[in-house]
Amino acid sequence: MEIQAGSAVEFKSLGPITREQLKQYAQASGDFNPIHLDEDVAKKVGLPGIIAHGMLIAAHIAERAKNFVQGESSLQGFELIQFQSRFKAMVLLGDTPSLGGVVKAVSDQEVTLDLQAKNQRGEVTTQGTARFRKK
Amino acid sequence: MLSLKSDVGKAVGPYHDEVTSEKIKEFCRAIGSSELHEAPPTFLTVFRKGEFELFQKLGFDLSQVLHAEQEYQYDTPVLAGDRIEFKTALTHVLEKDGARSFMQFLTFETEFQVERDSSLLKIGKSKTTIVIRGSK
């Protein structure tokens, strides 16, 4: 079936967020904010503990969007032109986010996906909007 | 924490940074991507040097910073071998005065370009909004 506005982008779950993963992301991204690496610092600034880089979750949402578009035969040749993410709630060590959402709009030339990351309690931690245009 | 409204317009750069295929692979692995040769959509986050430098200039510590929003616009994909040029400016400050804390939402914009075959190409733009919380 052709996709249309309202079509689901199936939720897919990530494994639990680990310290090792945040260290690896800090190294790769250059974001060494200690709230992602050091429990004491995180608590000192009033956080419940180490929190994940928002951009790590955003990266996973962007990947989910790309994989969805690549997997749709009607969307071949569409390329990402804009990606926006909003960080609504913290993602903690051990959380298991899942990523998915809905097709917001689609035409011959453009498709927009509205995606979220939800934690294991179903709370939206991160929103992402991805716009693709046919090249 | 003092109001940063008067700092709108402060800019740093241009900076230059080489993109290697190793760097792309490292980033892909860190975000669990199975594609290791293409720079992922959020790869531009590796060029936040200008933002970090402005944080320092504006006088706040990295641990006070929470990321609120991030936007990218893409013109040309980043390729291994590119020497990316980028510059960053503080473009917007929104103050929220609450009962117990004073919050400031700061927006930084970065423009990226690259020289390929002796012509200058736009890579894209990023808009980063962070929140700084200060107690009263």
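Which residues are buried in helix H1 (residues 19-29) of chain A? They are Leu22(A), Tyr25(A), Ala28(A) and Ser29(A). Seen down the axis of H1(A), these buried residues fall within an arc of 130°, so they line one face of the helix. The model is predicted.

**Helix H1 of chain A**
- An α-helix has 3.6 residues a turn, so residues three or four places apart point the same way.
- The buried residues of H1(A) pack against two helices together: H3 (54-70) of chain A and H1 (21-30) of chain B.
- After H1(A) comes Gly30(A), which has a positive phi, near 85°.

**Contact between chains A and B**
- On the chain A side, 28 residues are in contact with 24 residues of chain B.
- H1, H3 and strand E2 (78-87) of chain A are the elements that each give two or more residues to the side touching chain B.
- H3(A) gives the most to that side, with 9 residues.
- Sorted by class, the side of chain A that touches chain B has 15 nonpolar, 9 polar and 4 charged residues.

**Strand pairing across the chains**
- E2(A) pairs with strand E2 (residues 65-74) of chain B.
- The sense of this pairing is antiparallel, and E2(A) and E2(B) are joined over 5 bridges.
- Within E2(B), Tyr72(B) is the bridge partner of Phe83(A).

Methods. Residues numbered from 1 in each chain as written. Chains lettered and ligands numbered in written order. Predicted model: local features only at pLDDT ≥ 70, side-chain atom pairs only at ≥ 80, totals over all residues. Buried ≥ 20, exposed ≤ 12 C-beta atoms within 10 Å, placed from the backbone. Helix = DSSP H or I, 4+ residues; strand = E, 2+ residues; numbered from the N terminus. Arc of directions from axis to C-beta. Contact = placed C-beta atoms within 7 Å. Nonpolar A, V, L, I, M, F, W, Y, C, P; charged D, E, K, R; others polar. Pairing = 2+ DSSP bridges.
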